Amino acid sequence: MMGLRLLNNGEWSKPPVLTAARRILVAGLAQHFSSCSLGDASSFVNGTSYDVGQLSELGHTPIIRISNMTDPGSVYLRTNELFDPKFSVAPGDLIVSWSASFKSCVWSGPEGILNQHIFKVTEKPGFSRSYVRHAIEASFEDMQEHVVGIGMMHLRRSDFLAYEIPAPPLAVQFAVAAYLDWIEGGRLGPGPHLPRQLSSGQKVVEQVCELANQVQEARSLRQQAVEETEALCRAILTADKDAKLTPMRELVRLRPPDVIVQPDEAYQFAGVFSFGRGVFRGQVRTGIEFSYSRLTRLQTGNFVYPKLMAWEGALGVVPPECDGCVASTEFPLFEVI
């Protein structure tokens with residue numbers, strides 16, 4: 001699942017269990033039932049464009065953009081203009097962004113006018129709205145292999161509507177949609193039953209759920225350990241109110257640069273990992289490749305850090321395997337007293 005990634009805030013770009021379950025079950029349906037195009041399963045109405053002159057801070061009608069789908073708390077642009085009713089969106093409508101950010105949702109409100117690059121999707125007879133939505137979400141990764149454009153990447157409408165999804169009987173659609181809705185809702189209570197054709201797929205999904213539970217438990221334990229370690233460090237530092245702090249100048253002595261750079265000579269540089277992970281051997285570079293006129297030669301047991309990354313815990317003691325390496329003047333090097 002190429003679109004699945006861990007963001008900087010520790011959250012996933014997509015719900016991992018739900019994303020996996022959609023793909024597993026839709027793939028299972030494709031093995032047992034015929035398929036149809038998305039255009040045969042539903043009608044797709046693209047939103048409308050607008051210009052600045054049609055906007056008003058005091059407008060009564062919100063314009064629903066991709067940002068409002070991604071973040072329900074984002075600000076709405078508003079208008080008092082009248083648009084074709086086909087562009088109106090009401091709570092309960094299924095909408096799908098097909099440009100820049102590929103995402104679907106059953107709109108929870110308010111009523112508004114749909115912006116371009118978002119489809120309002122209306123299922124045709126014989127199809128479940130919830131099933132169509134999950135099938136579209138399961139298809140997004142494959143669809144993105146066919147995006148076009150520069151800057152704002154998007155799918156051609158014709159390519160989107162021609163994409164094939166399984167078309168099982170309506171009862172099967174309801175069962176699959178109910179199961180996926182249950183996963184999306186946090187797997188509260190017993191899960192709905194799936195058709196027998198999906199029994200093997202359901203077992204795989206259950207294994208994914210169990211693995212996700214274990215990962216979440218491990219992440220919780222890790223966070224608990226970090227919090228307890230921080231509390232212990234604070235307790236140690238504050239336990240003795242009369243403790244005397246020692247200036248760093250009494251612990252280490254700054255070493256001046258002691259290597260004069262020669263343009264045709266090769267130098268083995270060292271680096272320092274962030275988060276206290278130590279010193280490592282870096283690149284070998286000749287003097288003509290950099291502008292420093294002097295370097296400092298590392299010795300085992302020296303203390304070193306990069307000025308720019310010290311805030312991130314890039315601090316270390318030189319290990320034997322880095323003895324004799326060099327560092328630029330951006331890496332203060334200290335002899336431990």
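With which residue does Asp-142 form a salt bridge, and how far apart are the closest N and O atoms?

Guide: Asp-142 forms its salt bridge with Arg-23, and the closest N and O atoms are 4.0 Å apart. A salt bridge here is a side-chain nitrogen of Lys or Arg within 4 Å of a carboxyl oxygen of Asp or Glu. The model is predicted, so local features need pLDDT of at least 70 and side-chain atom pairs count only at pLDDT 80 or more, while totals for chains, interfaces and linings use all residues. Residues are numbered from 1 along each chain as its sequence is written, and side-chain values use heavy atoms, leaving out hydrogens and water.

Because Asp-142 lies in helix α4 and Arg-23 in helix α1, the pair ties together parts that are 119 residues apart in sequence. Helices (H or I, at least four residues) and strands (E, at least two) are DSSP runs, numbered from the N terminus. Asp-142 is partly exposed, with a relative accessible area of 29%, and Arg-23 is partly exposed at 27%. Buried means under 20% relative accessible area, exposed over 50%, and partly exposed in between, with a 1.4 Å probe and protein chains only.

The same rule gives 8 salt bridges. One of them joins Arg-22 to Glu-137, with the closest N and O atoms 3.7 Å apart. Arg-22 belongs to helix α1 and Glu-137 to helix α4, so this pair ties together parts 115 residues apart in sequence. Both Arg-22 and Glu-137 are buried. A network of salt bridges links Arg-22, Arg-133, Glu-137 and Glu-184.

Ile-183 touches Val-17, Leu-18, Ala-21 and Val-205, not counting residues up to four places away in sequence; contact means heavy atoms within 4.5 Å.

Aromatic rings come next. The whole structure holds 13 aromatic pairs. Rings of Phe, Tyr and Trp (its six-membered ring) pair if their centres lie within 6.5 Å, and planes under 30 degrees apart count as stacked, over 60 as edge-to-face and the rest as tilted. Phe-44 and Phe-160 form an edge-to-face pair, 5.5 Å centre to centre with 70° between the planes. Phe-44 lies in strand β2 (residues 42-46) and Phe-160 in helix α5, so the pair ties together parts 116 residues apart in sequence. Phe-44 and Phe-160 are both buried. Together with Trp-98 and Phe-119, Phe-44 and Phe-160 form one aromatic cluster.

Finally, another salt bridge is formed by the side chains of Arg-156 and Asp-159, at 3.8 Å from N to O. Arg-156 is partly exposed, with a relative accessible area of 46%, and Asp-159 is partly exposed at 33%.
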